[in-house]
Amino acid sequence: MRTVRDAAFDVMRQHGLTTLFANPGSTEVALLADLPDDLAFVLALHEGSVVGAATGWAIARAQPALVLLHTTAGLGNAVGALATARVNRAPLVVLVGQQDRRHLAQEPFLAGHLEGLCGEYPVRVETPIRAQDVPGAIGRAAHAATTRRGPALVIVPMNDWAEPADDLPVPAPATLRQATGADPEAVAHLADLLAEAHSPALVAGSAADTEAGWAALTALAERLNCPVWQESFGARAGFPQDHRLFAGHLPGDRARLREILAPYDLVLAVGAPVLRQYGYGEGPLAPAGTRLALLTDDADEAHRAPVELAVLAPLPAFCAALAERVPARAQAPAIPARTAPPAPPRPDEPLRAAHVLSALAERLPADAVVVEETPSSRPELHALVPARQPLDFVSAAMGGLGFALPAAIGIRMAAPRRPVVAVVGDGSSLYQIQALWTAVHYEVGAVFIVLANGRYAVMDRLAEKHGGKAPWPAFDQVSVCSLAESLGCPARRVTRYDELVSELGSLVATFETRTEPLVLEVAVEAETAFQP
């Protein structure tokens with residue numbers, strides 16, 4: 001007898017969902033026992049690590065990743081990571097186990113109210129009405145995750161897998177293609193707006209972080225000969241940051257933002273939320289006299305944008321058409337000076353994050369993926385470690401901690417020829433330190449550089465801004481090295497600059513080929529200022 005499980009596996013294969021990231025429980029055993037040899041299973045020790053690794057996998061492959069979660073507890077533990085996946089535009093197909101359908105009405109042990117548990121973060125949630133509807137639901141979830149770029153959930157009662165499958169076509173298309181053209185009228189409208197501007201600027205967003213996106217946006221920037229800023233709090237780099245027109249990263253507060261944008265009479269955001277902020281600030285986003293426009297392929301992003309003109313279109317094709325239509329500009333733009341790397345510290349001087357990041361930047365290959373989760377030193381990382389190729393920079397657009405360690409593992413698994421280095425604060429690392437076990441077990445050669453200052457530096461600075469005393473203690477007795485080693489991951493602690501240079505030097509030759517993860521816990525002085 002052909003079962004629902006057999007039919008579901010065929011749908012998974014059809015959509016390339018052959019690697020399963022999971023932390024399963026009893027409600028998922030019927031799916032997993034005697035898993036076919038062509039399906040790979042990846043275990044993580046916490047659901048945040050499961051979804052984080054799958055998110056990294058999906059980002060690196062630009063294809064949906066498959067996740068399996070255990071009813072209420074598993075889905076509940078994963079909510080924050082699923083929210084991050086949604087804001088990071090990562091396509092995930094998420095199977096969630098449920099108790100046996102035959103006694104759900106009595107709410108047995110392990111039954112869950114699952115449909116609304118993630119709120120509005122999933123792009124689709126479906127509980128199939130019949131067991132035979134499960135394969136089609138998986139196919140629809142794969143399409144929803146791809147087209148709407150986020151997690152799509154299918155809730156499957158545990159007895160469904162053994163039920164006989166329908167001998168009917170799966171009610172989901174085998175292939176779904178989206179139009180990729182640029183509407184000439186919309187191109188002309190935005191081109192006219194740019195032609196009217198005397199001093200335009202572009203804001204590059206995460207959605208432009210593809211080879212085609214970088215090429216098209218670079219052509220547009222060079223045609224306009226205008227500065228290109230990177231969106232604030234972006235999850236990806238949308239433009240080559242070593243390009244002569246790259247101006248830097250926009251700040252996350254309104255006063256500094258208005259100061260930076262004052263020279264421009266038109267700002268066009270491409271694949272980015274329009275001037276995303278952190279804390280609330282009084283006054284308008286842009287200074288008087290600066291017009292705002294948006295080009296995006298995200299309908300929700302377009303709907304909430306405070307702009308004069310929003311265009312919803314495929315980014316590479318539209319940017320390429322726009323570059324051909326706008327008049328070339330000869331006027332040389334003013335580009336802010338790049339931040340100079342700091343001088344090496346004196347022997348008696350403590351290490352700072354900038355010392356570590358500068359030393360890392362000197363030794364990183366151009367195709368290295370840097371996964372960032374170091375909030376207090378993120379501005380220094382942006383300034384000193386430029387993204388030079390697509391996928392060079394990945395971060396959590398949502399802002400919740402616990403992303404970088406598992407995401408780096410998923411990225412390295414999906415792109416094993418690219419060096420992957422996670423730069424993480426010690427506080428951030430504690431949220432998903434369990435992910436290191438997965439890296440060890442599956443021989444994932446990512447490198448984790450943990451900047452250890454022994455405190456919640458961002459929170460300390462925010463408390464100071466509020467004029468109050470922080471009630472939380474430091475945690476300098478926590479040893480990330482010891483935690484890593486307890487999970488089987490090699491780890492070393494660095495306290496001096498010469499040790500740092502030696503460790504990074506020895507890593508250079510192994511970045512691309514290593515199969516063993518490594519944690520470098522680097523003791524650094526806490527930052528005394530925080531300006532996101």
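This is a predicted model: local features need pLDDT of at least 70, side-chain atom pairs count only at pLDDT 80 or more; totals for chains, interfaces and linings use all residues.
**Cysteines, a glycine and a helix**

Q: Hi! How far is the sulfur of Cys226 from the closest cysteine sulfur?
A: It is 11 Å away from the one in Cys319, which is too far for a bond. A disulfide here is a pair of cysteine sulfur atoms within 2.5 Å.

Q: Is Cys226 buried or exposed?
A: Cys226 is buried, at a relative accessible area of 1%. Cys118 is buried too, at 4%. Buried means under 20% relative accessible area, exposed over 50%, and partly exposed in between, using a 1.4 Å probe and protein chains only.

Q: New topic: where does Gly139 sit?
A: Gly139 is in helix α5, residues 134-148. Helices (H or I, at least four residues) and strands (E, at least two) are DSSP runs, numbered from the N terminus. Gly139 counts as buried because its relative accessibility is 0%.

Q: What does Gly139 touch?
A: Leaving aside residues up to four places away in sequence, Gly139 touches Val11, His15 and Ala172. Contact means heavy atoms within 4.5 Å.

Q: Which residues are buried in α16?
A: In that helix, residues 457-465, Ala457, Val458, Asp460, Arg461 and Ala463 are buried. Just after α16, Gly467 has a positive phi of about 75°.

Terms used:
Residues are numbered from 1 along each chain as its sequence is written. Side-chain values use heavy atoms; hydrogens and water are left out.
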